[in-house]
Structure formats: C-alpha cells, structure tokens
Amino acid sequence: MPVTRHSVLFVDDEAHILKTLGRLLRSMPIDVLTAETPDQAMLLLAETQPQVVVSDYHMPGMSGVEFLARVRKEHPTAIRMMLTGY
C-alpha cells in the first residue's frame, strides 16, 4: 500500500526554529515547508495547499492569531496550530 505524503507549513520568524523543526520531521513521510513571514507563508499556501499550518504567535507585521484567522478564511480545510515560547 503506497504511503500518502502530507505537507505541513511552519511559519516562524526565527530561522533556527524552522531549521530544527524541518530536520526533526524530514525523516517522516511529510513534506516540510517553511516561511519566515506571514506574507511568505500566504504565497506558499496558494502554491502548495498544505494540510497543516503551524504558526508562531509573535511575528513582525502580523500576529499568529491574525495569520491563522486569514488562513482559516482562505484555506478552511487546513488544520491550524499555534506554537509559542511565551
């Protein structure tokens, strides 16, 4: 039975966090996408349609809450999660 590959988009303005998350998940049957800004993430969402979007809470220009609300509006089937160190 073939393995279905899913994709997850991580959005965080801290490049080292994106790198670590990507490294942890790359061994799994998941396509890992990363973006350092909400605007960059919205472009990736339009192009790739990931099943899961994980966002940091504190980002410049738009909070994680605002970003995930926008994702919900434009991509209602995507699972949305927020991570924060605060």
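**Figure 1. Overall view of the predicted model, with its buried share.** Of the 86 residues of the chain, 36% count as buried. The structure is a predicted model. Three helices and four strands make up the chain, and from the N terminus on they follow the order β-α-β-α-β-α-β. The radius of gyration of the chain is 12 Å, close to the 12 Å that the globule rule gives for 86 residues, so the chain is as compact as a globular protein of that length. The C-alpha trace spans about 45 × 30 × 20 Å along its principal axes.

Figure 2. Among contacts with a separation of 6 or more, 62% come from residues 24 or more positions apart. About 5,600 Å² of the chain is accessible surface, and carbon and sulfur atoms account for 58% of this area. The chain carries 8 positive and 10 negative side chains; the centres of these two sets are 7 Å apart.

**Figure 3. Strand 1 and its two partner strands.** Strand 1 covers residues 6-11 and is mostly covered, with five of its six residues buried. Six bridges link strand 1 to strand 2 in the parallel sense. In this pairing, S7 stands opposite D31 of strand 2. Strand 1 also runs parallel to strand 3, to which four bridges join it. Here V8 has V52 of strand 3 as its bridge partner.

**Figure 4. Strand 3 and its enclosed residues.** Which residues of strand 3 point one way, and which the other way? V52, V54 and D56 point one way, while V53 and S55 point the other way, and all are buried. Because five of the five residues of strand 3 (residues 52-56) are buried, this strand is largely enclosed by the rest of the structure.

**Figure 5. The pairing of strand 3 with strand 4.** Strand 4 consists of residues 79-83 and pairs with strand 3 in the parallel sense over five bridges. One of the residues in this pairing is V53, whose bridge partner in strand 4 is R80.

**Figure 6. P29 in its loop.** P29 is located in the loop between helix 1 (15-25) and strand 2 (30-35).

Terms used: Residues numbered from 1 in each chain as written. Predicted model: local features only at pLDDT ≥ 70, side-chain atom pairs only at ≥ 80, totals over all residues. Heavy atoms only, no water. Rg over C-alpha atoms; globule rule 2.2 N^0.38 Å. Buried < 20%, exposed > 50% of the residue type's maximum accessible area, 1.4 Å probe, protein only. Contact = heavy atoms within 4.5 Å. Areas by Shrake-Rupley, 256 points an atom, 1.4 Å probe, with all protein chains shown as cover. Lys, Arg positive; Asp, Glu negative; His and termini not counted. Charge placed at Lys NZ, Arg CZ, Asp CG, Glu CD. Pairing = 2+ DSSP bridges.
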